[in-house]
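Colleague: I would like to learn how to read a model like this one. Could we take it feature by feature?

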Amino acid sequence: MKVIVTENKIQCGAKAFEIFKNEIKNGAKVLGLATGSTPETLYQNFINSDLNCSNLISINLDEYVGLTPDNPQSYHYFMRKHLFDKKPFKKSYVPDGMTKDVAATCKEYDQIIKDNPIDVQLLGIGRNGHIAFNEPGTPFDIGTHEVKLTENTIKANSRFFDNEDEVPKSAICMGTANIMDAKKVVLMAFGEKKAQAIKEMIEGPVTEQVPASILQKHPDVTVIVDKAAAQELD
Ligand code: F6R
(Lines give C-alpha, C1' and ligand atoms only; values in the text may rest on other atoms or scores of the structure.)
Protein backbone atom coordinates (compact mmCIF):
# COMPACT_ATOMS: atom_id res chain seq x y z
CA MET A 1 0.00 0.00 0.00
CA LYS A 2 1.16 3.49 -0.76
CA VAL A 3 0.56 5.88 2.15
CA ILE A 4 0.37 9.65 1.66
CA VAL A 5 0.28 11.78 4.81
CA THR A 6 -0.95 15.36 4.51
CA GLU A 7 -1.50 18.20 6.99
CA ASN A 8 -5.29 18.17 7.02
CA LYS A 9 -8.46 17.00 5.32
CA ILE A 10 -8.43 19.84 2.81
CA GLN A 11 -5.05 18.66 1.54
CA CYS A 12 -6.25 15.03 1.59
CA GLY A 13 -9.16 16.03 -0.66
CA ALA A 14 -6.83 17.89 -3.04
CA LYS A 15 -4.41 14.94 -3.20
CA ALA A 16 -7.22 12.44 -3.80
CA PHE A 17 -8.62 14.66 -6.54
CA GLU A 18 -5.20 14.78 -8.23
CA ILE A 19 -5.20 10.97 -8.34
CA PHE A 20 -8.77 10.71 -9.66
CA LYS A 21 -8.14 13.41 -12.27
CA ASN A 22 -5.01 11.65 -13.45
CA GLU A 23 -6.74 8.27 -13.67
CA ILE A 24 -9.60 9.82 -15.63
CA LYS A 25 -7.10 11.50 -17.96
CA ASN A 26 -5.52 8.09 -18.48
CA GLY A 27 -8.81 6.46 -19.42
CA ALA A 28 -10.65 5.55 -16.20
CA LYS A 29 -14.37 5.47 -16.99
CA VAL A 30 -15.97 3.87 -13.93
CA LEU A 31 -15.59 5.35 -10.45
CA GLY A 32 -16.65 3.55 -7.27
CA LEU A 33 -17.92 6.22 -4.87
CA ALA A 34 -18.60 6.49 -1.14
CA THR A 35 -20.71 8.61 1.19
CA GLY A 36 -19.99 9.85 4.73
CA SER A 37 -18.05 12.90 5.85
CA THR A 38 -14.71 11.69 4.46
CA PRO A 39 -15.28 12.19 0.70
CA GLU A 40 -16.73 15.68 1.03
CA THR A 41 -13.43 17.51 0.44
CA LEU A 42 -12.76 15.35 -2.62
CA TYR A 43 -16.23 15.98 -4.05
CA GLN A 44 -15.76 19.70 -3.47
CA ASN A 45 -12.62 19.51 -5.62
CA PHE A 46 -14.59 17.75 -8.36
CA ILE A 47 -17.24 20.48 -8.23
CA ASN A 48 -14.72 23.33 -8.26
CA SER A 49 -12.84 21.88 -11.22
CA ASP A 50 -13.55 22.03 -14.92
CA LEU A 51 -13.42 18.22 -15.09
CA ASN A 52 -16.09 16.84 -17.38
CA CYS A 53 -17.82 13.83 -15.79
CA SER A 54 -20.52 13.40 -18.40
CA ASN A 55 -18.70 10.42 -19.91
CA LEU A 56 -18.15 8.67 -16.58
CA ILE A 57 -20.10 6.00 -14.74
CA SER A 58 -20.27 5.95 -10.95
CA ILE A 59 -21.19 3.04 -8.71
CA ASN A 60 -21.82 3.74 -5.04
CA LEU A 61 -20.93 1.40 -2.21
CA ASP A 62 -24.19 1.24 -0.31
CA GLU A 63 -27.71 2.43 0.53
CA TYR A 64 -30.11 2.01 3.44
CA VAL A 65 -33.05 -0.34 2.96
CA GLY A 66 -36.38 1.48 3.23
CA LEU A 67 -35.27 5.05 2.49
CA THR A 68 -36.63 6.74 -0.64
CA PRO A 69 -34.09 8.57 -2.83
CA ASP A 70 -35.53 11.93 -1.71
CA ASN A 71 -35.08 11.15 1.99
CA PRO A 72 -32.27 13.49 3.14
CA GLN A 73 -30.69 10.59 5.07
CA SER A 74 -30.51 8.37 1.99
CA TYR A 75 -27.25 7.94 0.16
CA HIS A 76 -29.02 8.77 -3.13
CA TYR A 77 -29.80 12.18 -1.65
CA PHE A 78 -26.28 12.59 -0.25
CA MET A 79 -24.68 11.92 -3.64
CA ARG A 80 -26.98 14.34 -5.46
CA LYS A 81 -26.36 17.04 -2.89
CA HIS A 82 -22.59 16.64 -2.67
CA LEU A 83 -21.73 15.78 -6.25
CA PHE A 84 -24.20 14.81 -8.95
CA ASP A 85 -26.41 17.93 -8.91
CA LYS A 86 -23.35 20.01 -9.73
CA LYS A 87 -21.29 17.44 -11.64
CA PRO A 88 -23.60 15.08 -13.52
CA PHE A 89 -22.23 11.70 -14.57
CA LYS A 90 -23.33 9.74 -17.64
CA LYS A 91 -24.88 7.13 -15.33
CA SER A 92 -24.82 6.86 -11.54
CA TYR A 93 -25.69 3.64 -9.75
CA VAL A 94 -26.69 3.58 -6.07
CA PRO A 95 -28.39 0.46 -4.67
CA ASP A 96 -32.20 0.65 -4.67
CA GLY A 97 -33.12 0.88 -1.00
CA MET A 98 -36.85 0.72 -1.86
CA THR A 99 -36.65 -2.64 -3.61
CA LYS A 100 -39.28 -5.25 -2.78
CA ASP A 101 -36.72 -8.00 -3.40
CA VAL A 102 -33.42 -7.25 -1.69
CA ALA A 103 -31.76 -10.51 -2.78
CA ALA A 104 -32.57 -9.84 -6.46
CA THR A 105 -31.34 -6.26 -6.15
CA CYS A 106 -28.04 -7.46 -4.70
CA LYS A 107 -27.62 -9.88 -7.61
CA GLU A 108 -28.41 -7.14 -10.12
CA TYR A 109 -25.87 -4.84 -8.45
CA ASP A 110 -23.17 -7.51 -8.76
CA GLN A 111 -24.04 -7.74 -12.45
CA ILE A 112 -23.81 -3.96 -12.84
CA ILE A 113 -20.32 -4.08 -11.32
CA LYS A 114 -19.37 -7.01 -13.57
CA ASP A 115 -20.59 -5.13 -16.65
CA ASN A 116 -18.84 -1.93 -15.57
CA PRO A 117 -15.58 -2.95 -13.89
CA ILE A 118 -14.54 -0.28 -11.42
CA ASP A 119 -11.38 1.59 -12.41
CA VAL A 120 -10.94 3.58 -9.19
CA GLN A 121 -12.76 2.77 -5.95
CA LEU A 122 -12.98 5.46 -3.27
CA LEU A 123 -13.28 4.30 0.34
CA GLY A 124 -13.58 5.74 3.83
CA ILE A 125 -12.96 3.59 6.87
CA GLY A 126 -14.92 3.08 10.08
CA ARG A 127 -13.30 3.30 13.51
CA ASN A 128 -13.64 -0.49 13.75
CA GLY A 129 -11.99 -1.00 10.36
CA HIS A 130 -15.20 -1.40 8.37
CA ILE A 131 -15.30 -0.58 4.67
CA ALA A 132 -18.69 0.17 3.16
CA PHE A 133 -21.08 -1.55 5.65
CA ASN A 134 -18.79 -4.60 5.89
CA GLU A 135 -18.45 -4.83 9.66
CA PRO A 136 -15.88 -6.96 11.53
CA GLY A 137 -16.57 -10.65 10.97
CA THR A 138 -17.99 -10.22 7.45
CA PRO A 139 -16.52 -12.89 5.14
CA PHE A 140 -13.96 -11.53 2.68
CA ASP A 141 -15.36 -13.42 -0.29
CA ILE A 142 -18.89 -12.06 -0.60
CA GLY A 143 -20.40 -9.72 -3.18
CA THR A 144 -23.29 -7.29 -2.78
CA HIS A 145 -25.42 -8.29 0.20
CA GLU A 146 -27.90 -7.09 2.79
CA VAL A 147 -26.34 -6.04 6.11
CA LYS A 148 -28.33 -6.02 9.31
CA LEU A 149 -27.16 -2.92 11.15
CA THR A 150 -25.84 -3.49 14.64
CA GLU A 151 -27.50 -1.90 17.69
CA ASN A 152 -24.44 0.37 17.98
CA THR A 153 -24.72 1.60 14.40
CA ILE A 154 -28.46 2.18 14.77
CA LYS A 155 -27.84 4.17 17.95
CA ALA A 156 -24.99 6.14 16.37
CA ASN A 157 -27.12 6.94 13.29
CA SER A 158 -30.17 7.93 15.32
CA ARG A 159 -28.73 11.43 15.72
CA PHE A 160 -29.65 12.07 12.08
CA PHE A 161 -33.28 10.97 12.55
CA ASP A 162 -36.22 12.23 14.63
CA ASN A 163 -36.14 9.06 16.69
CA GLU A 164 -34.38 5.70 16.81
CA ASP A 165 -37.34 3.83 15.27
CA GLU A 166 -36.85 5.73 12.03
CA VAL A 167 -33.27 4.51 11.60
CA PRO A 168 -33.12 1.83 8.90
CA LYS A 169 -32.42 -1.65 10.22
CA SER A 170 -30.46 -2.84 7.23
CA ALA A 171 -28.53 -1.69 4.19
CA ILE A 172 -27.54 -3.01 0.78
CA CYS A 173 -23.81 -2.96 0.45
CA MET A 174 -21.02 -3.99 -1.92
CA GLY A 175 -19.03 -6.85 -0.49
CA THR A 176 -15.31 -6.91 0.12
CA ALA A 177 -14.96 -9.10 -2.99
CA ASN A 178 -16.48 -6.34 -5.18
CA ILE A 179 -14.10 -3.81 -3.65
CA MET A 180 -11.09 -6.07 -4.22
CA ASP A 181 -12.06 -6.39 -7.92
CA ALA A 182 -11.56 -2.64 -8.48
CA LYS A 183 -8.40 -1.92 -10.45
CA LYS A 184 -7.29 0.83 -8.08
CA VAL A 185 -8.40 1.75 -4.56
CA VAL A 186 -8.06 5.16 -2.88
CA LEU A 187 -8.86 5.16 0.84
CA MET A 188 -9.10 8.44 2.73
CA ALA A 189 -9.20 9.02 6.50
CA PHE A 190 -8.86 12.01 8.79
CA GLY A 191 -8.66 12.59 12.50
CA GLU A 192 -7.25 10.74 15.47
CA LYS A 193 -10.42 8.66 15.86
CA LYS A 194 -9.37 6.78 12.70
CA ALA A 195 -5.72 6.30 13.77
CA GLN A 196 -6.14 2.83 15.29
CA ALA A 197 -8.10 1.53 12.30
CA ILE A 198 -5.48 2.90 9.92
CA LYS A 199 -2.71 1.19 11.88
CA GLU A 200 -4.53 -2.15 11.95
CA MET A 201 -5.40 -1.91 8.27
CA ILE A 202 -1.80 -1.28 7.21
CA GLU A 203 0.34 -3.00 9.85
CA GLY A 204 -1.93 -5.58 11.44
CA PRO A 205 -2.69 -9.11 10.29
CA VAL A 206 -5.14 -9.63 7.43
CA THR A 207 -8.25 -10.68 9.29
CA GLU A 208 -12.00 -10.53 8.81
CA GLN A 209 -12.06 -8.85 12.23
CA VAL A 210 -10.58 -5.78 10.47
CA PRO A 211 -12.34 -5.74 7.09
CA ALA A 212 -10.04 -3.05 5.62
CA SER A 213 -6.98 -5.25 6.28
CA ILE A 214 -7.87 -7.25 3.12
CA LEU A 215 -6.57 -4.24 1.17
CA GLN A 216 -3.02 -5.40 2.02
CA LYS A 217 -3.64 -8.06 -0.64
CA HIS A 218 -4.78 -5.59 -3.31
CA PRO A 219 -2.08 -4.67 -5.86
CA ASP A 220 -2.88 -0.95 -6.12
CA VAL A 221 -4.05 0.86 -2.98
CA THR A 222 -3.29 4.46 -2.07
CA VAL A 223 -4.12 5.56 1.47
CA ILE A 224 -4.45 9.31 1.99
CA VAL A 225 -4.51 10.36 5.63
CA ASP A 226 -3.94 13.48 7.65
CA LYS A 227 -1.28 13.55 10.38
CA ALA A 228 -3.81 12.73 13.10
CA ALA A 229 -5.01 9.56 11.36
CA ALA A 230 -1.37 8.57 10.67
CA GLN A 231 -0.15 9.06 14.24
CA GLU A 232 -0.15 5.38 15.25
CA LEU A 233 1.80 4.19 12.22
CA ASP A 234 5.33 2.85 12.83
C1 F6R B 1 -19.80 5.17 3.11
C2 F6R B 1 -19.41 3.96 3.80
C3 F6R B 1 -18.72 3.91 5.13
C4 F6R B 1 -17.88 5.13 5.47
C5 F6R B 1 -17.25 4.99 6.86
C6 F6R B 1 -16.56 6.28 7.29
O7 F6R B 1 -20.44 4.91 1.86
O8 F6R B 1 -19.69 2.95 3.26
O9 F6R B 1 -17.93 2.77 5.20
O10 F6R B 1 -16.87 5.30 4.52
O11 F6R B 1 -18.22 4.66 7.81
O12 F6R B 1 -17.53 7.26 7.48
P13 F6R B 1 -17.14 8.80 7.63
O14 F6R B 1 -16.54 9.19 6.34
O15 F6R B 1 -18.43 9.51 7.88
O16 F6R B 1 -16.17 8.88 8.76
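Colleague: In which loop is His-218 found?

Modeller: This is a predicted model, to begin with. His-218 is found in the loop that runs between helix H7 (195–203) and strand S10 (221–226).

Colleague: Is His-218 buried or exposed?

Modeller: Buried means under 20% relative accessible area. His-218 has 6%, so this residue counts as buried.

Colleague: Which residues is His-218 in contact with, leaving aside its neighbours within four places in sequence?

Modeller: The contacts of His-218 are Ile-179, Met-180, Ala-182, Lys-183, Lys-184 and Val-185.

Colleague: How many bridges join S3 and S5?

Modeller: Strand S3 (residues 57–60) pairs with S5 over 3 bridges, in the parallel sense. To place this pair in the 3D view, find Ser-58, which stands opposite Ser-92 in S5.

Colleague: And the ligand: which residues are around it?

Modeller: The residues around the ligand are Ala-34, Thr-35, Gly-36, Ser-37, Thr-38, Leu-61, Asp-62, Gly-124, Ile-125, His-130, Ala-132 and Lys-194.

Colleague: Which polar atoms lie by its oxygen atoms?

Modeller: An N or O atom in the side chain of Thr-35 is 2.9 Å from an oxygen atom of the ligand. For the side chain of Lys-194, the distance from an N or O atom to a ligand oxygen is 2.7 Å. On its own the ligand has 410 Å² of accessible area, and the protein covers 83% of that.

Colleague: Where is Ala-132 found?

Modeller: Ala-132 is in the loop between strand S6 (120–123) and strand S7 (145–148). Its phi is positive, about 50°, although Ala-132 is not a glycine.

Colleague: Why does Ala-132 count as buried?

Modeller: The same cut-off applies, under 20%. Ala-132 counts as buried because its relative accessibility is 12%.

Technical notes: Residues are numbered from 1 along each chain as its sequence is written. This is a predicted model: local features need pLDDT of at least 70, side-chain atom pairs count only at pLDDT 80 or more; totals for chains, interfaces and linings use all residues. Side-chain values use heavy atoms; hydrogens and water are left out. Two strands pair if DSSP finds at least two bridges between them. Helices (H or I, at least four residues) and strands (E, at least two) are DSSP runs, numbered from the N terminus. Buried means under 20% relative accessible area, exposed over 50%, partly exposed in between (1.4 Å probe, protein chains only). Contact means heavy atoms within 4.5 Å. A residue is near a molecule or strand if one of its heavy atoms lies within 4 Å of it. A polar contact is a pair of N or O atoms within 3.5 Å; within protein, one must be able to donate a hydrogen and the other to accept it, and residues adjacent in sequence count only if both atoms are side-chain atoms. Accessible areas come from the Shrake-Rupley method with a 1.4 Å probe; for residues, only the protein chains shown count as cover.
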